Amino acid sequence: ELREKSGCSLEFAQRIISSQEKAFLSAREQFTINQDEGGSYVLLGDLNYPAELSRCPDAPHILFYKGKLPDLGTRLVSIVGTRKATEYGKDATDRIVEVLAECNATIVSGLAYGIDIRAHRKAIELNIPTLAVLGSGLGRIYPGTHRSDVSSLIRNGAVISEYLHNQGPDREHFPVRNRIVAGLSVATIVVEARKEGGAWITARLANEYGREVLAVPGRWNSAASEGCH
């Protein structure tokens, strides 16, 4: 039937069918691993798929997660910044999360060193929901030093990934991951950022999605605030 409709050779048709079978087996394996490890998943188009993210043209077709996704109508705000945060940046992050807590917002970030983990930890301290978007699979939390934060995080939020369970934190995953951080939220706040880097990419993507982008000003000659300025 495939040969008749497409005009392809028998060998090519067999290769297509074989690839399809392998893909189904691989998908089934991932769902099994995810569920055995206490995870869940949501598909683009499902009612509980994050609404703001679903409006992005490059939204992931599937999200694996541990914890609880935000309810419909929840205000999500991303806080991002440099891995080499200054004390000024850390203090600013704390204050921003405190204000957002008063607005019943959910904090989104990428679990990275610096501003990201500061935002998550402050949200945990204040007992408000926070979502961590990974650049690796749920079975390969990165960075490893932040694994201890995950159990606290998922009690009132979630860790999220579009990658297969045991997929590692490859360098190219992080710029791709940043579109989810930007797409989940109605606004992205850049606390500290260099001229180039992940925070700047996230801000650019948020702007392209038509979301609010805000930046915390720094000292005029601070290298950590060049991207914000």
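Is the crossing of helix 5 and helix 6 left-handed or right-handed? In this predicted model, the crossing is left-handed.

**Helix packing**

Helix 5 covers residues 115-125 and helix 6 covers residues 147-155. Their axes lie 10 Å apart and meet at an angle of about 45°. Helix 5 contributes Ile 117, His 120, Arg 121 and Ile 124 to the contact, and helix 6 contributes Asp 149, Ser 152 and Leu 153. By class, this contact of helix 5 with helix 6 has three nonpolar, two polar and two charged residues.

**Val 77 and its surroundings**

Val 77 belongs to strand 3, which spans residues 76-80. Apart from neighbours within four places in sequence, Val 77 is in contact with Leu 100, Ala 105, Thr 106, Ile 107, Val 108, Ser 185, Ala 187 and Ile 189. Between Val 77 and Ser 109 the C-alpha to C-alpha separation is 8.7 Å, and the two are 32 residues apart in sequence.

**Cysteines and accessibility**

A search of the whole structure finds zero disulfides. A disulfide is a covalent bond between the sulfur atoms of two cysteines. The table gives the relative accessible area of two cysteines and of Val 77.

| Residue | Relative accessible area | Class |
|---|---|---|
| Cys 8 | 16% | buried |
| Cys 103 | 36% | partly exposed |
| Val 77 | 5% | buried |

Cys 8 counts as buried because its relative accessibility of 16% is under the 20% cut-off.

Note on methods
Residues numbered from 1 in each chain as written. Predicted model: local features only at pLDDT ≥ 70, side-chain atom pairs only at ≥ 80, totals over all residues. Heavy atoms only, no water. Disulfide = S-S within 2.5 Å. Buried < 20%, exposed > 50% of the residue type's maximum accessible area, 1.4 Å probe, protein only. Axes fitted to C-alpha atoms, helices over the stretch in contact; angles between N-to-C directions. Helix = DSSP H or I, 4+ residues; strand = E, 2+ residues; numbered from the N terminus. Left-handed = near helix turned anticlockwise from the far one by under 90°. Contact = heavy atoms within 4.5 Å. Nonpolar A, V, L, I, M, F, W, Y, C, P; charged D, E, K, R; others polar.
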